[in-house]
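User: I have a two-chain model open and want to talk it through. Can you start with how the chains meet?

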Amino acid sequence: MMRKPPRIELHTAPHAVDGQGVAVIMRNVVYSLLPLLAYVVWLFGLSALMLILVVLLSTLATERFFNWMGKQGSTLDDWSAVITGLLLALTLPPGFPLWMGAVAAIISIALGKVLFGGLGYNLLNPALVGRAFVQAAFPVAITTWTPPFIATRFAEFIPSTLTPPFMQPLDSGPWLTASGMDAISSATPLGLHKFESVSTPLESLFMGTTAGSAGETSALLILLCGAYLALRKMLNWRIPMYVFIGVIVTSALLHWLDDTNPDPLFMLFSGGLMLGAVFMATDMVGSPITPRGVMIYGLLIGFLTVIIRVYGSLSEGVMYAILLGNAATPLIEMATQPRAFGERKAAAKGKTDD
Amino acid sequence: MQWLQRFHFKGGIHPHYHKDRTSDLSIRRLPFPPRLILPLDQHIGAPALPLVRPGQEVLRGEKIAEANGFVSAPIHAPATGRVTSIELKPTARGSLTRSIVIEVSKGDPQEVRVGSPHDIDSMDHDELVRAIQDSGLAGLGGAAFPSHVKLKKDDTRPADLLLVNGCECEPYLTTDHRVMLEQPEDLIQGIKYALKATGTRRAIIGIEDNKLDAVETIRAHLHHEKFIEVRTVETRYPQGAEKLLVKSLLGKEVPEGGLPIDVGVIIHNVGTLAQMGKLLPAGEGLIERIVTITGTGVEKPGNYKIPLGTPIGFVLDTLRIDTTRESIILGGPMMGPAMGSLEAPVTKGTSGILVFHERDFIDREHVKVYPCIKCGRCVDACPMRLNPAQLGWLAAKREYPVMAEKHHLNNCFECGCCSYICPSHIPLVQYFRIAKAVNREQAEKQRKLEAEAESEQ
């Protein structure tokens, strides 16, 4: 009966795995961002394209540099640095000076990710760490918006884009006037509402044909891209849902108390809320893993966004709301551990009995 | 209509089942091997005590080892032949175990010639439980817990329901499915005996909804048995875990560290009860079992009736498996151990033998493990509602006692859902297995130290 004994492989159970690995999930997040990026380039032209490329390459180069410093293999193959780069680019104004974009990218990876130990260990969303840094460092550039659909957007750069390194941004005003745009068209809907008491029609918010950060624009497109990820089970749709609930409830209350405050629908579809709720608050690393934790986290972000927008000195509040939500995550998780199957309540309380 | 209602628990996974390769194949018999190896501890509990000596002739069905205490089961000779030795032999569990080796007589008709038919109607509880123990039955679903122990009537913890587990939630395995299709009368008979032994009035058979033909077959064979009900449950791994089946069918949660009997339920596997229905009236012992043999490395997959003690190498030779590098798994792919020795035999707990080609198994050494990205999928998948991610971080720091004391480690029954689903390929359940083993060792050490301290005083 004897045959040549085969080489038997020993492994421990389970002997089957689900095919969806980290790199697959991250790659799909990148895919889902592509339509959004294309739309942004169509709205804002060459400058937006250039900004996306510079920021993306800077994040990748920074991550690779730290890989080399730490004498580890490249971690670019997990695609997480690509996501950071693309998301960061989407939070910046389209005419943002390129060198400032590179600074934001370097800070994102260096201080937001590598410092904590790389993928999985970062406390805060890296893209938002970079965004928060440039918000503080370059307050003028980050609040200088350009309106979409400038006629010459595919032929020439917005002047501020090409600001030489370490210089203050060039004034795009004359160029804008020459293109037939007035000053008011280059304020964001949130800024208009807060500082000028001008409301923007809901449909332009929904379609994204307003001034703003690259990715602050089309709520509809962001929701569609997010839906793709949610259907592939690569995004926890509960997080944006709870953020929206938090925003609606808080802003409805404030609007009811004082009707000069924006109404819930405007709050929902303006500014970076959609992008933040769908693509940044859902960052797996920074959000809680417990089901009840997700609820608290989402509601907290929604609540903070509205509070900052209404009472803060900035017109936008999503970024800080998400960063605070990230920071609160470990505590939220600790407080919301799942109740184990068949857990005995009495045993937990009365351990002295036995 | 309960027929339409889908019962379920929270968590779990939906792996590829791969059952269609063998689910339509009738049970066939495999020839006797030249030599049988019968470990004395095929069941959970005290190993059996041999009744035979090397050189002794044994008849098929003859008792060759007797139960050593209540939580133990006897062993019967699966073939007529001669005992050649009682020695240490490799087993599926990995360790060497005292085993009775029988050389099978060639040319013998191999009929079962031993047995003392029982008149079950005239038996009382205790006699029935003793008869079940005498048959050597142990949980055929894989756990191999001596069946009579669970059927012993306990007045302090009365049972009001018998659950019959026909889920077979592990991928690839189809033995329970075939038994339900081919031996429904035996199964119903076995259920009646189990009800009688425990003094329970009602039984529910839980079957996953990917085996509707089995549901139909059993329903067609239930004529006057109003006390037996068939219910479908959702196809979802690990539906067949007893605590989860109780939860799915009755909505009750077995308390942590407890047994189904704590909520008044006794659970038996369909294969076990079908064997009971067949063996008890004839007074015979358990000498063979049905095993699904499949996987990409098997040329002739199927459901085979195999004498206990048949070496796995013999089975694989018979079914022509010819690879140079393969992975052999005993049981299902989610919980079954990989085999290291082809000499290890089929035992009472062997529900399947899976053989995979090199290209089809996961080579853990070459799978890249990423850091935990806190996606929370393990938390969603854990049917015991643990936090595997948190446990994984603790395990990496070797905080084993903390895992058990604060994070319910001992609630984990190692179904493997967390490792299956983890996108970072972190071997979570493998960590937990180590953690539990280390904790057990520590507890054992502690007990010994305390005992020594006491004896010195």
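Analyst: In this predicted model, 53 residues of chain B are in contact with 37 residues of chain A. Two residues are in contact if their C-beta atoms, placed from the backbone, lie within 7 Å.

User: Which elements of chain B give two or more residues to the side that touches chain A?

Analyst: They are helix 8 (312-318), strand 15 (325-330), helix 12 (417-421) and helix 13 (428-456) of chain B. Strand 15 of chain B gives the largest share of that side, five residues. Helices (H or I, at least four residues) and strands (E, at least two) are DSSP runs, numbered from the N terminus.

User: And by class, what does the side of chain B that touches chain A have?

Analyst: That side of chain B has 29 nonpolar, 15 polar and nine charged residues. Ala, Val, Leu, Ile, Met, Phe, Trp, Tyr, Cys and Pro count as nonpolar, Asp, Glu, Lys and Arg as charged, and the others, Gly among them, as polar.

User: How is the numbering done, and what are the rules for a predicted model?

Analyst: Residues are numbered from 1 along each chain as its sequence is written, while chains are lettered from A and ligands numbered from 1 in the order in which they are written. As the model is predicted, local features need pLDDT of at least 70 and side-chain atom pairs count only at pLDDT 80 or more, whereas totals for chains, interfaces and linings use all residues.

User: Where is confidence lowest in chain A?

Analyst: In helix 16 (residues 345-349) of chain A, with a mean pLDDT of 48; it is highest in helix 4 (residues 98-112) of chain A, at 96. pLDDT is the predictor's confidence in each residue, from 0 to 100. Over residues 346-354 of chain A the pLDDT is below 50, and this stretch has zero contacts in the model beyond near neighbours in sequence. Where pLDDT is low, the predicted coordinates should not be read in detail.

User: What about chain B, what does its pLDDT average?

Analyst: Chain B averages 90, and 96% of its residues score at least 70. Strand 15 of chain B has the lowest mean among the elements of chain B, 81. Residues 1-5 of chain B stay under 50, and the model has one contact for them beyond four places in sequence. The model as a whole scores ipTM 0.86 and pTM 0.89.

User: Changing topic. How is chain A divided?

Analyst: Into domain 1 (22-144 + 146-186) and domain 2 (222-336) of chain A. Domain bounds come from an automatic or database domain assignment. The centres of these domains of chain A, taken over C-alpha atoms, are 22 Å apart. Their contact takes 19 residues from domain 1 of chain A and 18 residues from domain 2 of chain A.

User: Which element gives the largest share of the domain 1 side in chain A?

Analyst: Helix 1 of chain A, with seven residues. Helix 3 (80-91) and helix 5 (126-137) of chain A are also among the elements giving two or more.

User: At what angle do helix 1 and helix 3 of chain A pack?

Analyst: About 25°, with their axes 10 Å apart. Axes are lines fitted to C-alpha atoms, for helices over the stretch in contact, and angles run from 0 to 180 degrees between N-to-C directions. That angle makes helix 1 of chain A roughly parallel to helix 3 of chain A. Angles under 35 degrees count as roughly parallel, over 145 as roughly antiparallel, 65 to 115 as roughly perpendicular and the rest as oblique.

User: Which residues meet there, by class?

Analyst: The contact of helix 1 with helix 3 of chain A has 11 nonpolar, one polar and no charged residues. In helix 1 of chain A they include A:Leu33 and A:Leu37, and in helix 3 of chain A they include A:Ile83 and A:Leu86.

User: Last topic, the backbone. Where is there a cis peptide bond?

Analyst: One joins A:Ala13 and A:Pro14, with omega about 0°; A:Pro14 lies in the loop between strand 1 (7-8) and helix 1 of chain A. Another joins B:Tyr237 and B:Pro238, with omega about -5°. B:Pro238 lies in the loop between strand 11 (228-233) and helix 6 (242-250) of chain B.

User: And what is phi of B:Gln110?

Analyst: Phi of B:Gln110 is near 55°, a positive value in a residue other than glycine. Most residues other than glycine have a negative phi, and most peptide bonds are trans.
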